[in-house]
Amino acid sequence: MDTVATPSIRAIGLGRDFAEHPAVQRLDLEVNPGEVYGLLGPNGSGKSTTVRMLTTMLRPSRGTAQVAGADISRDPGTVRRRTGVVLQGTALDPLMSARELLPLQGRLQSLTARQARARCAELLTAFDAQDFADTPVGKLSGGQRRRVDLAVALVQRPDVLFLDEPTTGLDPASRRDLWDEIRALAANHGVTVLLTTQYLEEADQLCDRVGILRAGRLIASADPHALKDQVGDRVLTLRFRDASAAGRARELLATKGEQLHTDETAPHAVSIRLARPGADGETLLTWPPPACTPNP
Ligand SMILES: Nc1ncnc2c1ncn2[C@@H]1O[C@H](COP(=O)(O)OP(=O)(O)OP(=O)(O)O)[C@@H](O)[C@H]1O
């Protein structure tokens, strides 16, 4: 019996040039069913170009890929039917509400009116969106809006979901809520998720595996812990009660010449690179600092 699952996404030598400049070089990638895979990389590293090729929006210059069992070049219609996509700045009609948009999407995907209404009700409940279901999406907060984007992408029950920088611009609490939704999709419904991110913490907390893209090349791909060992310095993260305590710790550590890693998504945390030889075991910080030690 064959017990090896067919990958939900398999790219072989996939690449795309713009005016002879390779935006994505030769990408080899496999993502398994039910996995949350993160493509991590700075601006311009090729993340969106990769997503646009895998979702059949952009023709590759070289290579091949299969998504949800279909070839992106030979059978793009099947790929589109079996996948959901949320791109950066997805253009939903700002005057329409979730309760209008979701059934409309269902009808476009050939559901009957009754099926479309039922699916809409199911998704509004799943995304805890009843309270803002009748508000035009143009008037929603960033976090609410992303949940509607995600719900719209899920109307057709996709096997594979692509999310291009799903949490950019969200506050930390909305970001964590969205992480929970994405995890639940994979864990409870077996949806395979490929997302792109610029945030190390997001890749670390959310993804089963992470690929690092740099200048259009996948330079590493593994689970986040293995990746940190392979390509990163060791990082010690201290979490504080509030952002101001973290700020004071950051100032103290900077005066000691420590190399700090800043992550704008985690204002309560301070991360220190432990790359200096001989730094292990040294006391880096005494907390609380002397100025706020309670009087005996
Ligand atoms: N339509 C296009 N025409 C010309 N060059 C493009 C086009 N789209 C992307 N590029 C170039 O391809 C490279 C990769 O861009 P891409 O948008 O894939 O990167 P990214 O990692 O998604 O960046 P960001 O995080 O800013 O979205 C960049 O050098 C970009 O300028």
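**Stop one: a hairpin**

Begin by selecting A19, which takes a positive phi near 50 degrees in the hairpin of β1 and β2, where two residues lie between the strands. Strands here are DSSP runs of E with at least two residues, helices are runs of H or I with at least four, and both are numbered from the N terminus.

Before moving on, note that this is a predicted model: local features need pLDDT of at least 70, side-chain atom pairs count only at pLDDT 80 or more, and totals for chains, interfaces and linings use all residues. Residue numbers start from 1 along each chain as its sequence is written.

Now select residues 9–18 for β1 and residues 21–31 for β2: they pair in the antiparallel sense over seven bridges. Two strands count as paired if DSSP finds at least two bridges between them. Click on F18 and you will find H21 of β2 as its bridge partner; D17 stands opposite P22 in β2.

**Stop two: the sheet**

Which order do the four strands of the open sheet follow? The order is β2-β1-β4-β5, with antiparallel pairing. The edge strands, β2 and β5 (70–71), each pair on one side only.

**Stop four: the core**

Finally, select L54, one of the residues with the most contacts inside the largest nonpolar core, which has 59 residues. Such a core is a set of buried Ala, Val, Leu, Ile, Met, Phe, Trp, Tyr and Cys residues joined through C-beta atoms within 7 Å; buried means that 20 or more other C-beta atoms lie within 10 Å of a residue's own. Helix α5 (residues 142–154) gives the most to this core, with five residues. Leaving aside neighbours within four places in sequence, L54 is in contact (C-beta atoms, placed from the backbone, within 7 Å) with I9, A11, A65, V67, I72 and F162.

Terms used
A residue is buried if 20 or more other C-beta atoms lie within 10 Å of its own, exposed if 12 or fewer, and partly exposed in between; C-beta atoms are placed from the backbone. Two residues are in contact if their C-beta atoms, placed from the backbone, lie within 7 Å.
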